[in-house]
Amino acid sequence: MKWFRRIVAALVLLLAIAAALAFILPLDGYLPQIEKQASAALGQPVKISGIRLVLLPLPHVTLSDIAVGTGGDIKVGKLRVTPDLLSLLEPTAVIHSIELNGLTLTQRGIEGVAALAGQGASAPAQPPPFRIEHIRLVNARIEFGKTRFGPFGVSIRFDGKREPQEATMATRDGKLKATLRFGKSQYLIDVSAKSWTLPIGAPLLFDTLTVKGTATGDGADFPEVSAKLYGGTVNGKASVDWSKGMQLEGKFDINQMELQQIAAMLSPGAGISGKLDARPVFSASAASASQLADALQLGTQFDVQQGVLHGVDIKQAASSLIKKPKAGGETRFDVLSGHLAMAHGSYQFTQLKISSGELAVDGGEVSISPEKKLS
């Protein structure tokens, strides 16, 4: 928990000073000093376009158009600080709320916050001269490469000892919600979603999703992961460790999931439908979170029942020993089974077996390249 307090303290102390000055002195002349001290505290250049005192409905100070870093990796549209005015004369000032509206984090911004957290964790504990009651994020967004997540909101409440009690997050459309409850040595995590599309990787649409687990400063463990999607169910567990780089591993049980839409996501040329049963085991090891998707490795046996292979008629092809078989058609099958190995964005299907009435095919192979080309 120390690293969390260090990061908050670096910015909030300066904002508390600005809030105190705002009620007795002109504001604009203090922007260069606030920028300089904030830059020194965060180890990154900080630019602030404006500062304003608002008296109603509650007295507060607003900083506008804040940029942290040289590439705009962290931006805040407005940052509002609402202090307890009487407490500003006391040894410990009370900040009723801090609201960041329009926060935008890029991949480099997230990595910068993580690096700052690591530095703060080893810093000596010194109680700051203020106490925060509530932090809110409104209309926050994350831009992770080509991935966009948000807008979403976050609410963090603190107890009288400056410790965070509970943090909640919800997307603006209400489809994804998460709760983080803080303990002495770990956090309890509870995530739920309805009609939510995965923002990273294949755009899987979850009818429902539930994730429960715990996290510490070094990693997180999710022993309960369950979902309903594409007419089927997924149950399993996963864990991630970020003490040295990023390590991910887990396993799932997939039952009776309809394949047609999922296959189209993997490759536009892969035409297959049917109910999938599989038991995938996966892992990944990378230097940063942004590299996990490329490092992901997965292996599983699978069975597809009562399906259709679109674009190929295996019976017609088997009977055309002399003539060239016609393109198109379809093959209805009772069972299609095999083994899938996925690594570095490519998919390799081996040990393929298909049973279609009197016809049986054994030993086929199919590959899908990272460019989604089918062979």
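Helices (H or I, at least four residues) and strands (E, at least two) on this tour are DSSP runs, numbered from the N terminus. The model is predicted, so local features need pLDDT of at least 70 and side-chain atom pairs count only at pLDDT 80 or more, while totals for chains, interfaces and linings use all residues. Residues are numbered from 1 along each chain as its sequence is written, and side-chain values use heavy atoms, with hydrogens and water left out.

**Stop 1: helix H2**

Start by selecting residues 31-42, which make up helix H2. From the first C-alpha to the last, these twelve residues reach 16 Å, close to the 16 Å expected at 1.5 Å a residue; the expected span is 1.5 Å times one less than the number of residues.

Now colour by accessibility. Buried means under 20% relative accessible area, exposed over 50%, and partly exposed in between (1.4 Å probe, protein chains only). Which residues of H2 are buried? They are Leu31, Ile34, Glu35, Ala38, Ser39 and Leu42. Look down the axis of H2: the buried residues fall within an arc of 130°, so they line one face of the helix. That arc is taken from the directions from the helix axis to the C-beta atoms. Turn to the other side of H2 and you will find Pro32, Lys36 and Ala40 exposed. Step past the end of the helix to glycine 43, which follows H2 and has a positive phi near 70°.

**Stop 2: the strands around S7**

Next, select strand S7, residues 134-144. Two strands are said to pair here if DSSP finds at least two bridges between them.

Threonine 104 has arginine 141 in S7 as its bridge partner. While you are in S5 (residues 104-106), click on threonine 106. Is threonine 106 buried or exposed? Its relative accessibility is 15%, so threonine 106 counts as buried. Leaving aside residues up to four places away in sequence, threonine 106 touches Gly72, Asp73 and Glu143, where a contact means heavy atoms within 4.5 Å.

Then bring in S8, residues 147-158. S7 and S8 run antiparallel and are joined by eight bridges. Arginine 136 has serine 155 in S8 as its bridge partner. The hairpin of S7 and S8 has two residues between the strands, and glycine 145 in this hairpin takes a positive phi near 65°.

Two backbone details deserve a click here. Asparagine 139 in S7 has a positive phi of about 55° although it is not a glycine. With 25% relative accessibility, asparagine 139 counts as partly exposed. In S8, look for proline 151: the peptide bond from glycine 150 to proline 151 is cis, with omega near 5°.

**Stop 3: phenylalanine 130**

Move to strand S6 (residues 130-132) and select phenylalanine 130. This residue is buried, with a relative accessible area of 3%. Draw a distance from the C-alpha of phenylalanine 130 to that of proline 83: the two residues are 47 residues apart along the chain, and the separation is 9.8 Å.

**Stop 4**

Finally, select S10 (residues 176-182), which is joined to S11 by seven bridges and runs antiparallel to it. S10 and S11 form a hairpin with four residues between them, and phenylalanine 182 stands opposite tyrosine 187 in S11. On to S12: ten bridges join S11 to S12, again with the strands antiparallel. Isoleucine 189 stands opposite glycine 213 in S12.

Serine 195 sits in S11, with phi near 50°, a positive value in a residue other than glycine. At 42% relative accessibility, serine 195 counts as partly exposed.

End with the aromatic rings. Rings of Phe, Tyr and Trp (its six-membered ring) pair if their centres lie within 6.5 Å; planes under 30 degrees apart count as stacked, over 60 as edge-to-face and the rest as tilted. How many aromatic pairs does this rule give? The count comes to five. One of them joins tryptophan 196 and phenylalanine 206, whose ring centres are 6.1 Å apart with planes at 25°, so the pair is stacked. Tryptophan 196 lies in S11 (residues 187-197) and phenylalanine 206 in S12 (residues 205-215), so the pair ties together parts ten residues apart in sequence. Both residues, tryptophan 196 and phenylalanine 206, are buried.
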